[in-house]
Amino acid sequence: MKLLLLAPPGAGKGTQGERLAAWAGVRHIAAGDLLRDVVRAGGPLGAQIAAYQARGDLVPDQIVIDALTPVVVEAAAHGGYILDGFPRTLPQAIAAADLALRLGVRLDAAIYLYAPDEVLTQRLLARAGQGGRSDDTADVIRHRLRVFAETTGPLVPYYRERGILVAVDADQPVDSVTADIQARLTELLTITGSPRDVLAARAGQAPAVPPAVPSAVPECPDKSFSAGPPERATIRRWTWMVPPASG
Ligand code: AMP
(Lines give C-alpha, C1' and ligand atoms only; values in the text may rest on other atoms or scores of the structure.)
Protein backbone atom coordinates (compact mmCIF):
# COMPACT_ATOMS: atom_id res chain seq x y z
CA MET A 1 0.00 0.00 0.00
CA LYS A 2 1.22 3.49 -0.80
CA LEU A 3 -0.38 6.34 1.05
CA LEU A 4 0.44 9.86 2.03
CA LEU A 5 -0.77 11.86 5.00
CA LEU A 6 -1.56 15.48 4.42
CA ALA A 7 -2.25 17.32 7.65
CA PRO A 8 -1.62 20.58 9.47
CA PRO A 9 0.62 20.51 12.54
CA GLY A 10 -1.20 19.03 15.52
CA ALA A 11 -3.62 16.92 13.47
CA GLY A 12 -1.92 13.73 14.62
CA LYS A 13 -0.29 12.61 11.40
CA GLY A 14 2.72 11.14 13.25
CA THR A 15 0.54 8.96 15.46
CA GLN A 16 -1.81 7.99 12.66
CA GLY A 17 1.12 7.40 10.32
CA GLU A 18 2.71 4.92 12.72
CA ARG A 19 -0.57 3.11 13.32
CA LEU A 20 -1.38 2.98 9.63
CA ALA A 21 2.07 1.66 8.77
CA ALA A 22 1.79 -1.12 11.38
CA TRP A 23 -1.71 -1.94 10.14
CA ALA A 24 -0.71 -2.05 6.48
CA GLY A 25 2.69 -3.64 7.12
CA VAL A 26 4.60 -0.93 5.29
CA ARG A 27 7.23 1.59 6.24
CA HIS A 28 6.28 4.84 7.96
CA ILE A 29 8.34 7.65 6.46
CA ALA A 30 8.05 10.87 8.46
CA ALA A 31 9.66 13.78 6.61
CA GLY A 32 10.07 15.87 9.77
CA ASP A 33 11.79 12.98 11.59
CA LEU A 34 14.14 12.33 8.69
CA LEU A 35 15.09 15.99 8.59
CA ARG A 36 15.62 16.03 12.37
CA ASP A 37 17.95 13.03 11.92
CA VAL A 38 20.04 15.09 9.49
CA VAL A 39 20.13 17.90 12.05
CA ARG A 40 21.30 15.51 14.77
CA ALA A 41 24.04 14.20 12.48
CA GLY A 42 25.49 17.74 12.49
CA GLY A 43 27.32 19.54 9.70
CA PRO A 44 26.33 22.57 7.62
CA LEU A 45 23.29 20.90 6.05
CA GLY A 46 21.99 19.95 9.49
CA ALA A 47 22.47 23.49 10.72
CA GLN A 48 20.65 24.87 7.69
CA ILE A 49 17.69 22.52 8.23
CA ALA A 50 17.59 23.30 11.95
CA ALA A 51 17.20 27.00 11.21
CA TYR A 52 14.18 26.41 8.96
CA GLN A 53 12.58 24.07 11.47
CA ALA A 54 13.12 26.42 14.39
CA ARG A 55 11.30 29.20 12.49
CA GLY A 56 8.51 26.89 11.38
CA ASP A 57 9.42 27.48 7.74
CA LEU A 58 9.52 24.75 5.16
CA VAL A 59 12.93 23.34 4.33
CA PRO A 60 13.76 23.96 0.63
CA ASP A 61 12.24 21.42 -1.71
CA GLN A 62 15.50 20.07 -3.09
CA ILE A 63 16.90 19.29 0.36
CA VAL A 64 13.71 17.47 1.30
CA ILE A 65 13.55 15.54 -1.97
CA ASP A 66 17.21 14.51 -1.66
CA ALA A 67 16.61 13.25 1.89
CA LEU A 68 13.38 11.42 1.08
CA THR A 69 14.07 9.85 -2.31
CA PRO A 70 16.39 6.98 -1.27
CA VAL A 71 14.09 6.08 1.63
CA VAL A 72 11.02 6.04 -0.61
CA VAL A 73 12.82 3.98 -3.25
CA GLU A 74 13.78 1.41 -0.62
CA ALA A 75 10.32 1.28 0.89
CA ALA A 76 8.68 0.93 -2.54
CA ALA A 77 10.82 -2.16 -3.13
CA HIS A 78 9.50 -3.65 0.12
CA GLY A 79 5.76 -3.34 -0.27
CA GLY A 80 5.00 0.33 0.10
CA TYR A 81 5.01 3.28 2.46
CA ILE A 82 3.06 5.81 4.44
CA LEU A 83 4.48 9.20 3.59
CA ASP A 84 3.91 11.47 6.59
CA GLY A 85 4.49 15.17 5.95
CA PHE A 86 5.69 14.77 2.39
CA PRO A 87 4.85 16.30 0.01
CA ARG A 88 4.13 19.71 1.50
CA THR A 89 4.49 21.87 -1.61
CA LEU A 90 3.34 21.55 -5.19
CA PRO A 91 6.88 20.97 -6.54
CA GLN A 92 7.29 18.21 -3.94
CA ALA A 93 3.99 16.66 -5.03
CA ILE A 94 5.16 16.71 -8.63
CA ALA A 95 8.49 15.20 -7.60
CA ALA A 96 6.66 12.47 -5.68
CA ALA A 97 4.46 11.72 -8.70
CA ASP A 98 7.50 11.51 -10.94
CA LEU A 99 9.34 9.25 -8.54
CA ALA A 100 6.35 6.91 -8.34
CA LEU A 101 6.20 6.86 -12.13
CA ARG A 102 9.86 5.99 -12.41
CA LEU A 103 9.49 3.27 -9.77
CA GLY A 104 6.43 1.87 -11.52
CA VAL A 105 4.23 2.30 -8.44
CA ARG A 106 1.26 4.52 -7.81
CA LEU A 107 -0.18 6.28 -4.83
CA ASP A 108 -3.34 4.60 -3.54
CA ALA A 109 -4.71 7.50 -1.52
CA ALA A 110 -3.86 10.85 0.04
CA ILE A 111 -5.36 11.02 3.52
CA TYR A 112 -6.20 14.54 4.58
CA LEU A 113 -6.61 15.02 8.35
CA TYR A 114 -8.43 18.24 9.16
CA ALA A 115 -9.31 20.01 12.40
CA PRO A 116 -10.02 23.61 13.45
CA ASP A 117 -6.99 25.81 14.05
CA GLU A 118 -7.92 26.32 17.73
CA VAL A 119 -7.92 22.57 18.33
CA LEU A 120 -4.57 22.17 16.60
CA THR A 121 -3.05 25.04 18.56
CA GLN A 122 -4.28 23.66 21.89
CA ARG A 123 -2.87 20.23 21.12
CA LEU A 124 0.54 21.62 20.17
CA LEU A 125 0.70 23.83 23.24
CA ALA A 126 -0.20 20.81 25.37
CA ARG A 127 2.61 18.85 23.71
CA ALA A 128 4.97 21.74 24.48
CA GLY A 129 3.87 21.56 28.12
CA GLN A 130 4.92 17.91 28.18
CA GLY A 131 8.43 18.74 27.08
CA GLY A 132 7.57 18.64 23.37
CA ARG A 133 9.46 20.01 20.42
CA SER A 134 11.34 23.27 20.23
CA ASP A 135 9.05 24.45 17.39
CA ASP A 136 5.96 24.08 19.62
CA THR A 137 5.90 27.69 20.82
CA ALA A 138 2.83 29.89 20.33
CA ASP A 139 4.46 32.12 17.68
CA VAL A 140 6.00 29.28 15.73
CA ILE A 141 2.77 27.26 15.91
CA ARG A 142 0.84 30.21 14.44
CA HIS A 143 3.42 30.48 11.68
CA ARG A 144 3.38 26.74 10.93
CA LEU A 145 -0.41 26.82 10.62
CA ARG A 146 -0.16 29.74 8.21
CA VAL A 147 2.52 27.95 6.17
CA PHE A 148 0.28 24.90 6.00
CA ALA A 149 -2.71 26.92 4.84
CA GLU A 150 -0.82 28.87 2.23
CA THR A 151 1.68 26.33 0.89
CA THR A 152 0.41 22.86 1.70
CA GLY A 153 -3.34 23.63 1.58
CA PRO A 154 -3.35 23.73 -2.25
CA LEU A 155 -2.38 20.04 -2.25
CA VAL A 156 -5.90 19.24 -0.98
CA PRO A 157 -7.56 20.20 -4.28
CA TYR A 158 -4.52 18.84 -6.14
CA TYR A 159 -5.16 15.30 -4.82
CA ARG A 160 -8.93 15.67 -4.90
CA GLU A 161 -8.74 16.46 -8.60
CA ARG A 162 -6.65 13.36 -9.10
CA GLY A 163 -9.38 11.30 -7.46
CA ILE A 164 -7.34 10.01 -4.52
CA LEU A 165 -8.24 12.32 -1.61
CA VAL A 166 -9.69 10.80 1.58
CA ALA A 167 -10.63 13.57 4.05
CA VAL A 168 -10.96 12.47 7.69
CA ASP A 169 -12.06 14.55 10.69
CA ALA A 170 -9.09 14.67 13.08
CA ASP A 171 -11.04 16.52 15.77
CA GLN A 172 -12.05 13.34 17.57
CA PRO A 173 -10.33 10.83 19.86
CA VAL A 174 -7.21 9.35 18.36
CA ASP A 175 -8.68 5.83 18.19
CA SER A 176 -11.72 7.14 16.34
CA VAL A 177 -9.51 8.86 13.79
CA THR A 178 -7.59 5.61 13.27
CA ALA A 179 -10.84 3.68 12.95
CA ASP A 180 -12.23 6.15 10.42
CA ILE A 181 -9.10 6.01 8.28
CA GLN A 182 -8.99 2.22 8.37
CA ALA A 183 -12.71 1.91 7.64
CA ARG A 184 -12.44 4.21 4.63
CA LEU A 185 -9.41 2.37 3.28
CA THR A 186 -10.86 -1.08 3.98
CA GLU A 187 -14.07 -0.13 2.23
CA LEU A 188 -12.14 1.02 -0.78
CA LEU A 189 -9.87 -2.02 -0.86
CA THR A 190 -12.76 -4.45 -0.39
CA ILE A 191 -14.75 -3.01 -3.23
CA THR A 192 -12.17 -3.08 -5.96
CA GLY A 193 -8.81 -3.95 -4.52
CA SER A 194 -7.73 -0.46 -5.39
CA PRO A 195 -8.72 2.58 -3.36
CA ARG A 196 -7.58 4.74 -6.19
CA ASP A 197 -10.11 3.28 -8.61
CA VAL A 198 -13.01 3.83 -6.25
CA LEU A 199 -11.92 7.34 -5.39
CA ALA A 200 -11.44 8.14 -9.04
CA ALA A 201 -14.89 6.79 -9.82
CA ARG A 202 -16.38 8.94 -7.10
CA ALA A 203 -14.41 12.02 -7.96
CA GLY A 204 -17.36 13.62 -9.70
CA GLN A 205 -19.54 13.32 -6.58
CA ALA A 206 -16.83 13.95 -4.00
CA PRO A 207 -18.00 16.25 -1.21
CA ALA A 208 -16.28 19.57 -0.90
CA VAL A 209 -13.56 19.75 1.72
CA PRO A 210 -15.50 19.80 5.01
CA PRO A 211 -16.15 23.19 6.56
CA ALA A 212 -13.98 22.32 9.56
CA VAL A 213 -10.94 22.63 7.34
CA PRO A 214 -8.61 25.36 8.70
CA SER A 215 -10.32 28.55 7.70
CA ALA A 216 -7.25 29.90 5.97
CA VAL A 217 -7.18 26.98 3.55
CA PRO A 218 -9.10 28.27 0.59
CA GLU A 219 -12.05 26.01 -0.09
CA CYS A 220 -11.22 25.81 -3.73
CA PRO A 221 -8.06 27.64 -4.70
CA ASP A 222 -8.10 25.38 -7.69
CA LYS A 223 -7.83 27.86 -10.50
CA SER A 224 -4.14 27.38 -10.95
CA PHE A 225 -4.29 23.66 -10.25
CA SER A 226 -7.40 22.50 -12.06
CA ALA A 227 -8.23 22.28 -15.68
CA GLY A 228 -5.20 24.13 -16.94
CA PRO A 229 -2.19 22.63 -18.61
CA PRO A 230 -0.16 20.01 -16.75
CA GLU A 231 2.08 21.52 -14.13
CA ARG A 232 5.77 21.61 -14.77
CA ALA A 233 8.32 21.72 -12.04
CA THR A 234 12.00 22.09 -12.42
CA ILE A 235 14.13 20.80 -9.64
CA ARG A 236 17.73 20.07 -10.48
CA ARG A 237 17.89 17.48 -13.25
CA TRP A 238 14.20 16.68 -13.28
CA THR A 239 11.61 18.38 -15.39
CA TRP A 240 8.35 16.62 -14.96
CA MET A 241 4.99 16.72 -16.51
CA VAL A 242 2.18 15.25 -14.48
CA PRO A 243 -0.95 14.06 -16.18
CA PRO A 244 -3.87 16.46 -15.87
CA ALA A 245 -6.49 15.51 -13.29
CA SER A 246 -8.77 12.82 -14.55
CA GLY A 247 -11.70 13.56 -12.23
P1 AMP B 1 6.80 17.83 11.21
O2 AMP B 1 7.63 16.91 12.06
O3 AMP B 1 6.08 17.10 10.10
O4 AMP B 1 5.89 18.69 12.02
O5 AMP B 1 7.83 18.82 10.47
C6 AMP B 1 8.65 19.68 11.24
C7 AMP B 1 9.36 20.66 10.35
O8 AMP B 1 10.20 19.95 9.43
C9 AMP B 1 8.48 21.54 9.48
O10 AMP B 1 8.01 22.67 10.18
C11 AMP B 1 9.47 21.92 8.39
O12 AMP B 1 10.41 22.88 8.86
C13 AMP B 1 10.23 20.62 8.19
N14 AMP B 1 9.58 19.76 7.19
C15 AMP B 1 9.01 18.55 7.40
N16 AMP B 1 8.54 18.05 6.27
C17 AMP B 1 8.82 18.95 5.29
C18 AMP B 1 8.56 19.00 3.89
N19 AMP B 1 7.93 18.02 3.25
N20 AMP B 1 8.99 20.09 3.22
C21 AMP B 1 9.65 21.09 3.83
N22 AMP B 1 9.90 21.11 5.15
C23 AMP B 1 9.48 20.04 5.88
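Me: Which residue of E5 stands opposite Ala 110?

Reply: Ala 110 faces Leu 165 there, and Ile 111 stands opposite Val 166 of E5. Bear in mind that this is a predicted model, in which local features need pLDDT of at least 70 and side-chain atom pairs count only at pLDDT 80 or more, while totals for chains, interfaces and linings use all residues. Numbering starts from 1 along each chain as its sequence is written.

Me: How do you know that E4 and E5 pair?

Reply: Two strands pair if DSSP finds at least two bridges between them. Strand E4 (residues 109–114) is joined to E5 by five bridges, and the two run parallel. They belong to an open sheet of five strands in the order E2-E3-E1-E4-E5, with parallel pairing.

Me: What makes E2 and E5 the edges of that sheet?

Reply: E2 (27–30) and E5 each have a single partner strand, so one side of each lacks a neighbour in the sheet. On average, neighbouring strands of this sheet are turned by 20° against each other, direction ignored.

Me: Why is E5 called mostly covered?

Reply: Four of the five residues of E5 (residues 165–169) are buried. Buried means 20 or more other C-beta atoms within 10 Å of the residue's own; exposed means 12 or fewer, and partly exposed lies in between, with C-beta atoms placed from the backbone. For the protein chain, 38% of the 247 residues count as buried.

Me: And why does Asp 136 count as buried?

Reply: Asp 136 has 21 C-beta neighbours inside 10 Å, so it counts as buried. Asp 136 is found in the loop between helix H6 (117–129) and helix H7 (138–152). Leaving out residues up to four places away in sequence, Asp 136 touches Leu 124, Arg 127, Ala 128 and Ile 141 (a contact needs C-beta atoms, placed from the backbone, within 7 Å).

Me: What makes H6 oblique to H7?

Reply: Their axes come within 10 Å and cross at roughly 140°. Angles under 35 degrees count as roughly parallel, over 145 as roughly antiparallel, 65 to 115 as roughly perpendicular and the rest as oblique. That angle therefore makes H6 oblique to H7.

Me: Which residues of H6 and H7 make the contact?

Reply: From H6 come Asp 117, Leu 120, Thr 121, Leu 124 and Leu 125, and from H7 Ala 138, Ile 141 and Leu 145. They divide into six nonpolar, one polar and one charged, where Ala, Val, Leu, Ile, Met, Phe, Trp, Tyr, Cys and Pro count as nonpolar, Asp, Glu, Lys and Arg as charged, and the others, Gly among them, as polar.

Me: Why is H2 called oblique to H3?

Reply: H2 (residues 31–41) and H3 (residues 43–55) pack at about 130°, their axes 7 Å apart. That angle makes H2 oblique to H3. H2 passes H3 in a left-handed crossing. Among the contact residues are Leu 35 and Val 38 of H2 and Gly 43 and Ile 49 of H3. By class, this contact of H2 with H3 has seven nonpolar, three polar and no charged residues.

Me: Where is the cis peptide bond?

Reply: The cis bond joins Phe 86 and Pro 87, with omega about 0°. Pro 87 lies in the loop between strand E3 (81–84) and helix H5 (90–103).

Technical notes: Axes fitted to C-alpha atoms, helices over the stretch in contact; angles between N-to-C directions. Left-handed = near helix turned anticlockwise from the far one by under 90°. Contact = placed C-beta atoms within 7 Å.
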